[in-house]
Amino acid sequence: MRERTVGFIGLGIMGVPMASNLVKAGFDVVVWARSAAPRDELVAHGARAAGSVAGVFAAAETIVLMLRDEPAVDAVLARGADDFGRLVADRTLVQMGTFTTAFSRALADEVAAAGGRYVEAPVSGSRGPAIEGTLVGMLAGEPDVLAHVEPVVDAMCAQTFRCGDIPKALTMKLAVNTYLITMVTGLAETFHFAERAGADIGVLREVLAAGPMASAVSRGKAQKLADGDLSAQAAITDVLKNARLAEDAARAVGSAHPLITASRRLYEEAADAGLGELDMIGVIDALAAREPGTGDETGERS
C-alpha cells in the first residue's frame, strides 16, 4: 500500500532510475519534466505525472530535486518571485544535486524563511548505481528533518551518512568527487600509457581487478575501456562541472589542489574536442590527442 507521496523533479541520466526505485519501494511518486520521454517512462513504471512544478508541490509534502545546475533549481523553484514562498511553505525539499556550498546555504535559509524544510542529500555514484539502488547518500540538515527524509533517501541508496549541518553534505561530496575524478583520470592515463607501450590491455584490466587498488569504479571503468564502450554513466560535461566545483572549493579554503586542477584541465580539453557526452573514462581520448611533453598540468585555472 502506498502511504507516502513523494515528488521528484529532475529526470535526467540519474534521476529516472532514482525515481523508479522510489516507485519500486512503494512510494506514490509524482513527477514532472519538461521532456515527455522520461516522464512517460516513469509513468509506465507506476509513477504519476503532474502537469507543472506546482502540481508536484500540491501533491507531495516531500519533494526530491535532482537537477543539473543551480539555474535549473532557481527556475524550478521560482526563486525571487512570489511563487517561491507558495511552493515551499510546509514542504520538505531534498536537494540531491551537486552545487556550491554557498548556493545550498542560501537556499536553505530562504526555504526556512518561507516556512519550508530543507535537506542536502548529494549522492556518490553514477547511472549504474542509480539503477541498482546502490548509491551512497550524504545528508545534512536538522536531525528531525533528516529522520523524516531518510526513508525516502534509503530507497535510492545502499548507505547514507549524516554529515552535520548544511552545507557539510556538499562539502563531503566535493571531497569524495576529488578522489573519484582524480582516480578515474589516473586510470585513463594508465590505460593510455599501457597501450602506447605495447602492454596487453586485457591483462592489465585483470591485474588491476585482482590487486589491492581494485574497486567497483575501477573495475567498471576498466571494463568499459577494454570493451570500447564509452556510453555515459557519468558524462564528461557533468564531471567537468564537478571538477570545477571541487577545485573552486579547495581554492576557497586554501587547500592545495594540483591533481584536481590537472584533471579539470583534461576534462576541459575533452569537452572542447566534442567528447562531452561520453562517459568520463572517455577522457582517455583527450590524452591521445596530446603531443608528448605538452600541456601544463599543475597551473591555476585561467
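Trainee: What is the mean pLDDT of the protein?

Mentor: This is a predicted model, where local features need pLDDT of at least 70, side-chain atom pairs count only at pLDDT 80 or more, and totals for chains, interfaces and linings use all residues. Residues are numbered from 1 along each chain as its sequence is written, and side-chain values use heavy atoms, with hydrogens and water left out. The mean pLDDT (the predictor's confidence in each residue, from 0 to 100) is 93. 95% of the residues reach 70 or more.

Trainee: And where is the pLDDT below 50?

Mentor: Over residues 296–302. Beyond near neighbours in sequence, that stretch has 19 contacts in the model (heavy atoms within 4.5 Å). Where pLDDT is low, the predicted coordinates should not be read in detail.

Trainee: Salt bridges next. How many are there?

Mentor: 16. A salt bridge here is a side-chain nitrogen of Lys or Arg within 4 Å of a carboxyl oxygen of Asp or Glu.

Trainee: What does Glu-150 pair with?

Mentor: Arg-162, with the closest N and O atoms 2.8 Å apart. The pair links distant parts of the chain: Glu-150 is in helix H8 (residues 143–154) and Arg-162 in strand S9 (residues 157–164), twelve residues apart. Helices (H or I, at least four residues) and strands (E, at least two) are DSSP runs, numbered from the N terminus.

Trainee: Is Glu-150 buried or exposed?

Mentor: Buried, at 17% relative accessibility. Arg-162 is partly exposed at 44%. Buried means under 20% relative accessible area, exposed over 50%, partly exposed in between (1.4 Å probe, protein chains only).

Trainee: Which residues does the salt-bridge network link?

Mentor: Arg-244, Glu-247, Asp-248, Arg-251, Arg-264 and Glu-268. Within it, Glu-247 and Arg-251 meet at 3.5 Å, N to O. Both lie in helix H12 (residues 236–252), four residues apart, about one turn of the helix. Glu-247 is buried at 0%, while Arg-251 is partly exposed at 34%.

Trainee: Switching to H6. Which of its residues are buried?

Mentor: Phe-103, Ser-104, Leu-107, Ala-108 and Val-111. They sit on the same side of H6, because they cover an arc of only 130° around the axis, taken from the directions from the helix axis to the C-beta atoms.

Trainee: What covers them?

Mentor: Several elements, including helix H4 (70–77), strand S5 (92–95) and helix H9 (168–197). On the other side of H6, Asp-109, Ala-112 and Ala-113 are exposed.
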